[in-house]
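Here is a protein to read through questions and answers. Each answer sets a value against the definition behind the word.

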Amino acid sequence: MPIVPLTIEGDELKGVWPEVKETTEGGKTVQVAETEIGGVTYSSQWFQYCGVQTYPGVRPGEEQDNFLRASSGDTYGWMSDIDAGNKLTVDMFDDYEEWGNGIGKSGLGKPAMATWRSEGVSPQSTMPVQVLRSTKIEELAEENEFMAAATEDGFMAWLDKCTHFCCVPGFKAYEGSAKFGGEDRVYCQCHQSVYSPFSPVEKSFVALPRPEE
Ligand code: FES
């Protein structure tokens, strides 16, 4: 799943949206959102799969404040006293070095379910994002240029749409994950995909047929 580069503004977590530029293609002027982050070209195209390509939030010029906001739902008990829509803040993750919820090992990191670039859009077009703060992400940032640029203080985020068939996976979110070796990783309960949040890879895939030339 594609990483959402993030930053911390004050005490609030904010996704980074690429710089919006205009370009002319085939005689037409179009907007693109593209920028270089840590030696990698980061583009709004990263999020164009699973129908997200039609969401207002991925339009290059869509005006959004980019803060990561708590989503509704009861995936994580610790989020039950945070109102959906509230901005996620650093202090909510203060216990990230020891946090656990009985699924797999404690101390691997503290996750949250969030939304991004979805203020004022219909619920069907909400972009689900998972946020994770972990000492392992701090370690990755020390050895990897892109991770150093795309994460901060051990926080990482990604668009939480399974690349298999678009369900919403989770880190330590599902009791049954242990049966499939997913209790300490990101597990999708639809068809048991397991993702490792601590070994990101550079990969591109085409989820839709290309238009005819
Ligand atoms: S949709 Fe996630 S495993 Fe199939």
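**Reading the predicted model**

Q: Which residues is Leu-68 in contact with, leaving aside its neighbours within four places in sequence?
A: This is a predicted model. In it, Leu-68 is in contact with Leu-6, Leu-13, Lys-14, Gly-15, Leu-88, Ala-114, Trp-116, Val-129, Val-131 and Ala-157, with neighbours within four places in sequence left aside. Leu-68 itself is found in the loop between strand 5 (40-43) and strand 6 (69-70).

Q: Why is Leu-68 called buried?
A: A residue is buried if 20 or more other C-beta atoms lie within 10 Å of its own. Leu-68 has 24 other C-beta atoms within 10 Å, so it is buried.

Q: How far apart are Leu-68 and Glu-12 in sequence and in space?
A: In sequence they are 56 residues apart, and in space 8.0 Å, from C-alpha to C-alpha.

Q: Which members of the largest nonpolar core touch the most other members?
A: They are Leu-68, Ala-114, Val-129 and Val-131, in a core of 41 residues. At least two residues each come from strand 7 (110-116), strand 8 (127-133), helix 1 (135-143), helix 2 (145-150), strand 9 (155-159) and strand 11 (186-188). Strand 9 gives the most, with five residues.

Q: What is Val-131 in contact with, leaving aside its neighbours within four places in sequence?
A: The contacts of Val-131 are Leu-13, Leu-68, Leu-88, Pro-111, Ala-112, Ala-114, Phe-155 and Ala-157. One of these, Ala-157 in strand 9, stands opposite Val-131.

Q: What makes strand 9 largely enclosed by the rest of the structure?
A: Five of the five residues of strand 9 are buried, so the rest of the structure largely encloses it. Both faces are covered: Phe-155, Ala-157 and Leu-159 are buried on one side, Met-156 and Trp-158 on the other.

Q: How do you know that strand 8 and strand 9 pair?
A: Two strands pair if there are at least two bridges between them. Strand 8 and strand 9 have five bridges, and the sense is antiparallel. Strand 6 and strand 7 also run antiparallel, joined by two bridges. In that pair, Arg-69 has Thr-115 in strand 7 as its bridge partner.

Q: Why are strand 6 and strand 9 said to stand at the edges?
A: The open sheet of four strands has the order 6-7-8-9, with antiparallel pairing. Strand 6 and strand 9 each have a single partner strand, so one side of each is left without a neighbour in the sheet.

Q: What is the order of the open sheet of three strands?
A: The order is 3-4-5, again with antiparallel pairing. Its edge strands are strand 3 (20-25) and strand 5, each of which pairs on one side only. On average, neighbouring strands of this sheet are turned by 45° against each other, direction ignored.

Q: What joins strand 3 to strand 4 (residues 28-37)?
A: Six bridges do, in the antiparallel sense. Val-20 has Ala-33 in strand 4 as its bridge partner. The hairpin of these strands has two residues between them, and Gly-26 there takes a positive phi near 60°.

Q: What makes strand 3 hardly covered?
A: Among its six residues, the count of buried ones is zero.

Q: How do you know that the buried residues of helix 1 are on the same side?
A: The buried residues are Ile-137, Leu-140 and Ala-141. They cover an arc of only 100° around the axis, and therefore lie on the same side of helix 1. Glu-142 and Glu-143, on the other side of helix 1, are exposed. The buried residues pack against strand 8, helix 2 and strand 9.

Q: How many helices and strands does the protein have?
A: There are two helices and twelve strands. From the N terminus on, they run β-β-β-β-β-β-β-β-α-α-β-β-β-β.

Q: Why does the radius of gyration agree with a compact globule?
A: A compact globule of 213 residues would have a radius of gyration near 17 Å; the protein has 17 Å, so the two agree. Its C-alpha atoms fill a box of roughly 55 × 40 × 35 Å along the principal axes. Of the 213 residues, 35% count as buried.

Methods. Residues numbered from 1 in each chain as written. Predicted model: local features only at pLDDT ≥ 70, side-chain atom pairs only at ≥ 80, totals over all residues. Core = buried A, V, L, I, M, F, W, Y, C linked by C-beta atoms within 7 Å. Buried ≥ 20, exposed ≤ 12 C-beta atoms within 10 Å, placed from the backbone. Contact = placed C-beta atoms within 7 Å. Rg over C-alpha atoms; globule rule 2.2 N^0.38 Å. Axes fitted to C-alpha atoms, helices over the stretch in contact; angles between N-to-C directions. Arc of directions from axis to C-beta.
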